[in-house]
Amino acid sequence: TPEVVVCDPIQVTGTVTNTGSGMARNVKVKVNVPAGLKCSGPTDVDVGTLGAGESRNFSLTCQADKSGSFQTQAAAMAEGGLNASSEAKTTVAKQAVLTIAKNCPGRQFLGRNTTFEIVVKNTGDGVAKDCVVEDMLPANATFVSASNGGQASGGKVMWNLGNLAPNDTKTVTVVVTAVPAIA
């Protein structure tokens with residue numbers, strides 16, 4: 001798999017072939033998985049016996065637990081000192097890292113509009129897909145408006161921001177009116 005998002009499955013596949021004219025007995029494949037990848041199954045594959053020109057496929061499912069470039073290696077061994085090795089193409093794992101900050105005014109006056117600003121930034125190296133921001137409305141406040149298509153419902157405002165590329169920032173605002181608390 002050439003490129004993934006951290007925690008997406010990475011398929012590591014290979015084929016071991018007996019290119020000789022005789023039998024290859026007790027063929028075993030060992031897949032060396034680099035640090036940062038975790039595989040769901042064993043990384044040692046017992047292939048058995050391969051006849052002349054015969055091939056067998058094998059596969060592993062792995063996941064990256066951090067961003068970076070990863071390359072697996074496989075080595076095949078058989079009785080009689082037969083061996084071969086191969087490197088897989090590099091897989092690049094990327095990760096979106098979102099930060100959020102809410103800027104609030106220092107003072108609020110009853111009956112006047114107050115604007116809150118919410119800033120979302122992707123500081124990672126991967127795309128953050130289908131970003132949603134949800135903000136609870138302050139107690140004793142009435143919703144007035146929201147920027148960027150924000151919708152108020154059930155005491156909160158929600159924005160669908162779409163995708164955020166690395167280093168992208170999106171800013172949304174919500175305007176409320178403070179109302180007196182009823183005793």
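Of the 183 residues of the chain, 27% count as buried, where buried means under 20% relative accessible area, exposed means over 50%, and partly exposed lies in between, with a 1.4 Å probe and protein chains only. This is a predicted model, so local features need pLDDT of at least 70 and side-chain atom pairs count only at pLDDT 80 or more, while totals for chains, interfaces and linings use all residues. Residues are numbered from 1 along each chain as its sequence is written, and side-chain values use heavy atoms, with hydrogens and water left out.

Let's start with the overall build. The chain has 17 strands and zero helices; here strands (E, at least two residues) and helices (H or I, at least four) are DSSP runs, numbered from the N terminus. The chain is more spread out than a compact globule, because its radius of gyration is 28 Å, well over the 16 Å that the globule rule gives for 183 residues. That radius is taken over C-alpha atoms, and the rule is 2.2 Å times the number of residues to the power 0.38. You can follow this in the C-alpha trace, which spans about 90 × 30 × 25 Å along its principal axes. Among contacts (heavy atoms within 4.5 Å) between residues at least 6 apart in sequence, 68% join residues at least 24 apart.

Now look at strand 6 (residues 55–64), which runs antiparallel to strand 2 and is joined to it by nine bridges. Two strands pair if DSSP finds at least two bridges between them. In strand 6, R56 stands opposite V16. Strand 4 (residues 37–39) also runs antiparallel to strand 6, through three bridges, and there K38 stands opposite Q63.

Next come the pockets. A 1 Å grid over the protein atoms alone is used: a pocket is an open set of points with protein on both sides within 12 Å along at least five of seven lines, whereas a cavity is a set where a 1.4 Å probe fits but cannot get out, and lining residues have an atom within 4 Å of a point. The largest pocket holds about 500 Å³ of space, a volume being the space filled by probe spheres set on the points, which are joined across faces, edges and corners. Its lining has 29 residues, of which T15, V16, T17, A76 and A84 lie nearest the centre. Strand 2 (9–17), strand 3 (24–32), strand 8 (73–78) and strand 9 (82–87) are the elements that give two or more residues to this lining. By class, the lining of the largest pocket has 16 nonpolar, 12 polar and one charged residues. For these classes, Ala, Val, Leu, Ile, Met, Phe, Trp, Tyr, Cys and Pro count as nonpolar, Asp, Glu, Lys and Arg as charged, and the others, Gly among them, as polar.

The second largest pocket has about 180 Å³ of space. Among its 14 lining residues, T1, Q11, A88, K89 and T91 lie nearest the centre. Strand 2 gives the most to this lining, with four residues.

T72 counts as buried because its relative accessibility is 7%. Leaving out residues up to four places away in sequence, T72 touches V12, V31, N32, V33, P34, L37, S86, E87 and A88.

Strand 12 pairs with strand 11 (residues 98–103) in the antiparallel sense over six bridges, with A101 opposite V119. Nine bridges join strand 12 to strand 17, again antiparallel, and V120 stands opposite K170 there.

Between strand 12 and strand 13 you will find D125 in a loop. D125 is partly exposed, with a relative accessible area of 34%. Setting aside neighbours within four places in sequence, D125 is in contact with S67, A93, K94, Q95 and P166.

Finally, two asparagines have a positive phi. N140, at about 60 degrees, sits in the loop between strand 13 (128–136) and strand 14 (141–146), and counts as partly exposed at 43% relative accessibility. N167, at about 70 degrees, lies in the loop between strand 16 (156–164) and strand 17 (169–178), and counts as exposed at 56%.
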